[in-house]
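Here is my notebook page for today. I wanted to see what sits inside this protein, and then look up one annotated residue.

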Amino acid sequence: MRSSMLRSVRTALTSTSSFTRGQVLRRGFSSESVPERKVVVLGAAGGIGQPLSLLMKLNPLVSSLSLYDIAATPGVAADVSHINTRSEVKGYVGEENLGEALKDADVVIIPAGVPRKPGMTRDDLFNINAGIVKSLCAAIAKYCPHAVVNMISNPVNSTVPIAAEVFKKAGTYDEKKLFGVTTLDVVRARTFYAGKANVPVAGVNVPVVGGHAGVTILPLFSQATPQANLPHDQIVALTKRTQDGGTEVVEAKAGKGSATLSMAYAGALFADACLKGLNGVPDVVECSFVQSSVTDLPFFASKVRLGKNGVEEVLGLGALSDYEKEGLEILKPELKSSIEKGIKFANQS
Ligand SMILES: NC(=O)C1=CN([C@@H]2O[C@H](COP(=O)(O)OP(=O)(O)OC[C@H]3O[C@@H](n4cnc5c(N)ncnc54)[C@H](O)[C@@H]3O)[C@@H](O)[C@H]2O)C=CC1
Ligand SMILES: O=C([O-])CC(=O)C(=O)O
């Protein structure tokens with residue numbers, strides 16, 4: 001999956017046409033049948049939004065790219081629109097244009113909201129971001145109720161349940177189409193594991209389950225491929241580093257925000273997987289925070305098979321090590337209360 005996306009990016013950068021015949025054939029489409037797909041980025045002028053918009057402009061599966069923010073989108077859209085790839089780019093600014101931005105969307109990616117500063121938890125963002133997400137989701141329910149939604153705004157453990165409640169109230173909720181983006185946890189786990197195991201990172205995979213904050217992030221290194229049989233103390237250190245990956249970046253940025261570039265990469269990877277699923281590409285599997293019955297919690301991140309309707313199958317956790325079993329029990333109370341906080345907020349007003 002990753003190599004095919006890199007191929008897509010490379011092709012986009014080197015081709016004057018939107019995508020090559022070879023690429024179209026590799027994806028199993030005739031050039032006539034590559035579907036039109038509209039992708040919307042809400043918060044497109046932000047730290048994540050800008051590089052994510054760039055990466056989506058490089059994705060040959062996108063035919064229409066709609067960039068929305070409360071400020072500065074015309075500049076970002078004008079800039080990105082000059083890139084000679086398939087999609088047509090439009091920029092929208094201000095709430096009065098949100099409906100037009102969203103209309104006919106296939107995939108809506110939401111990196112709108114404030115990022116952390118050192119000393120803050122993701123939950124400290126709740127007060128501001130919950131309201132932003134709630135109003136954006138109300139607009140999605142109104143203008144593109146059938147779109148796949150990729151929620152990046154933190155705290156993901158609460159913003160996804162908020163989105164679900166907003167959609168339920170509007171009568172548009174489809175649990176197959178709502179995803180919390182936890183791909184950055186997987187990206188980090190792969191990178192850190194490859195470093196410790198001393199294996200080429202391109203071939204590494206590590207499922208990451210649970211949620212997207214601190215101990216709720218549970219990387220399953222016992223299922224990492226290739227297997228490296230790392231000693232327990234190294235697994236513990238890798239787990240902790242993956243859980244604290246976001247904080248590592250927040251501290252290094254020293255007040256200038258949180259992960260943006262790696263998040264844009266991860267967000268583009270996940271949106272690409274959703275588009276492939278919508279287009280009927282088989283065996284597209286990514287970890288994501290979705291409505292789930294894998295545990296007793298109503299939302300949970302695990303491997304998900306993506307298809308033409310969004311979630312095709314939520315996959316189980318597989319065999320866990322004792323350390324991972326313990327981690328699963330530790331994460332449940334925090335994840336439960338973050339989910340409940342989101343549900344309560346959405347139903348308050
Ligand atoms: N899921 C994940 O793995 C990750 C999530 N994040 C989260 O992503 C969010 C965005 O982070 P950054 O891009 O660094 O922040 P940023 O502050 O650079 O950008 C946020 C953008 O959202 C826009 N915005 C605010 N209210 C809006 C509204 N009502 N409608 C549309 N746009 C609106 C702002 O104008 C700004 O351009 C944060 O909540 C952050 O915590 C960040 C990294 C990883
Ligand atoms: O740490 C943060 O606040 C941003 C984030 O979610 C991440 O980088 O994983």
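Which residues of the largest nonpolar core touch the most other members? I found Leu42, Leu102, Val108, Ile110, Ile140 and Phe167, out of 48 residues in that core. A nonpolar core here is a set of buried Ala, Val, Leu, Ile, Met, Phe, Trp, Tyr and Cys residues joined through side-chain atoms within 4.5 Å. Buried means under 20% relative accessible area, exposed over 50%, and partly exposed in between (1.4 Å probe, protein chains only).

A note on my source: this is a predicted model, where local features need pLDDT of at least 70 and side-chain atom pairs count only at pLDDT 80 or more, while totals for chains, interfaces and linings use all residues. Residues are numbered from 1 along each chain as its sequence is written, chains are lettered from A and ligands numbered from 1 in the order written, and side-chain values use heavy atoms, without hydrogens and water.

Next I checked Val108. Neighbours within four places in sequence aside, Val108 is in contact (heavy atoms within 4.5 Å) with residues including Val40, Leu42, Ile140 and Val149. I also noted another core, apart from the largest one, with 42 residues, among them Ile48 and Val107.

Then I looked up His212, which an unreviewed UniProt entry lists under "active site"; such annotations may be inferred rather than shown by experiment, and positions follow the numbering used here, with feature names shortened. Is His212 buried or exposed? His212 counts as buried because its relative accessibility is 7%. Among its contacts beyond four places in sequence are Arg122, Asn154, Asp185 and Ile217.
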